[in-house]
Amino acid sequence: MNGSTREPRSEGLFEVVGARAALHYFGALGPDGLSHGYLFTGPAGVGKKTFARGLAQSLLCETPKATLLGYCNHCPGCTLFRAGTHPDFVTSEGTVRIGTTPGSAQHDEELTARDLVRELSLRGYRSAHRVVLLGDVDFATHEAANGLLKFFEEPPRGVVILLTSSAPGTLPETIRSRFVEIGFAPLTSAEVESVLRAGGVDAARAKVAAGASFGSIVRARAVLEGTGEGIRAAAFGWFADAMLGRAPDHSFLQLDDRSLSAADKRALVAEMLEIVRIAARDWATLGVAPDAPLLEPDQRALLERIPPRPAPDIATLLGAIGETSRLAETNVSAGLVVDYLRMQLVSR
Ligand SMILES: [Zn+2]
């Protein structure tokens, strides 16, 4: 009877860390249940784009499978996908602008609304699906958003649009409401650790970075790249320089690093703002009660170099930091947010 034993059916590869809600949703979905658009939301660095790429490859894999998630990694579809040359996969990061110069969308940093409209109008070249992945999506103008909206009134057959965003509140409600939204939770410490280990980080450093990561690979990498207490010390130094009217060094925010997405930069600025808030509180405490305990006692000497200011000025300053945090949650660029805060801190 051995001959009649069925070959175990391979469901293909699909390895992601975290993504529990998305795995649950797509795991239960047959090919007919697929919607035309999904919005993956959650903090930066929790695997939204990784999952979206895995889903895209699953849809473009040409090996028959019983499940929606999974790919063989060796068929022509998978080979083209891995080479970044699949004609039915379009991907872009960041802001969708209303543009006048159409260009090749794949590998471009920015996609114009016109590119997008053209890409969405094309039929799949070799596959039943055509997948558009817009990572950390942002729309420069309402016109750019409306250009996309048009397609959801009558979605072209086979097109699946995948958006990821760590700030879904910045997306126009008209766009957001037309996507099936799936949340991505922060990773567990163990999950972050396993990703870092798989990337070649040694066990001890992976454990420390995972512990300080708040479940985000982006934060964990920032911890690893900083020397020890990296960001915290750099943010305190930035605060002191800004308060003293010197040009503060913000290189630790990596604002010019083109390999970091706008969302990654937002996450770093949000972390910096948290630290600046603590620095300002400690400095204000020193002004009224020099012997009072501080939240970050090892930064005392640095803060003592900043002259005290009158109480109303301190209140204004603390208010401005709160205001900057709110600004950082909008789609104002990370660079402008940091510059705004610097101007608020300079003594007047
Ligand atoms: Zn395949």
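**Helices, a zinc site and a histidine**

Modeller: Start with H2, whose buried residues are Lys48, Phe51, Ala52, Gly54, Leu55, Ala56, Gln57, Ser58, Leu59 and Leu60. Buried means under 20% relative accessible area, exposed over 50%, partly exposed in between (1.4 Å probe, protein chains only). This is a predicted model: local features need pLDDT of at least 70, side-chain atom pairs count only at pLDDT 80 or more, and totals for chains, interfaces and linings use all residues. Residues are numbered from 1 along each chain as its sequence is written, and side-chain values use heavy atoms, with hydrogens and water left out.

Colleague: How many of the residues of H2 are buried?

Modeller: 10 of its 13, so H2 is mostly covered. The helix covers residues 48–60 and reaches 19 Å from first C-alpha to last, close to the 18 Å expected at 1.5 Å a residue. The expected span is 1.5 Å times one less than the number of residues. Helices (H or I, at least four residues) and strands (E, at least two) are DSSP runs, numbered from the N terminus.

Colleague: And H13, what are its end C-alpha atoms apart?

Modeller: 26 Å, which agrees with the 26 Å that its 18 residues (311–328) should span. Its buried residues include Ile314, Leu317 and Ala320.

Colleague: Switching to the metal. Which are the protein donors of the zinc ion?

Modeller: Cys61, Cys72, Cys75 and Cys78, each through SG, lying 2.3 to 2.4 Å from the zinc ion. Donors are N, O and S atoms within 2.8 Å of the metal (3.2 Å for Na, K and Ca); water is not among the atoms, so sites may look incomplete. Along the chain, the donor spacing is C-x10-C-x2-C-x2-C.

Colleague: Why is the arrangement called tetrahedral?

Modeller: Because the 4 donor atoms subtend angles of 104 to 117° around the zinc ion. Four donors count as tetrahedral if all angles lie between 85 and 135 degrees. The ideal is 109.5 degrees for four tetrahedral donors.

Colleague: Is Cys78 buried or exposed?

Modeller: Buried, at 0% relative accessibility. Cys75 is buried too, with a relative accessible area of 7%.

Colleague: Where does His86 sit?

Modeller: In the loop between helix H3 (76–83) and strand E2 (89–97). His86 is buried, at 2% relative accessible area. A polar atom of its side chain lies 2.9 Å from the backbone nitrogen of Asp88.

Terms used: A polar contact is a pair of N or O atoms within 3.5 Å; within protein, one must be able to donate a hydrogen and the other to accept it, and residues adjacent in sequence count only if both atoms are side-chain atoms. Four donors count as tetrahedral if all angles lie between 85 and 135 degrees; four count as square planar and six as octahedral if opposite donors are over 155 degrees apart and all others between 65 and 115; anything else is irregular.
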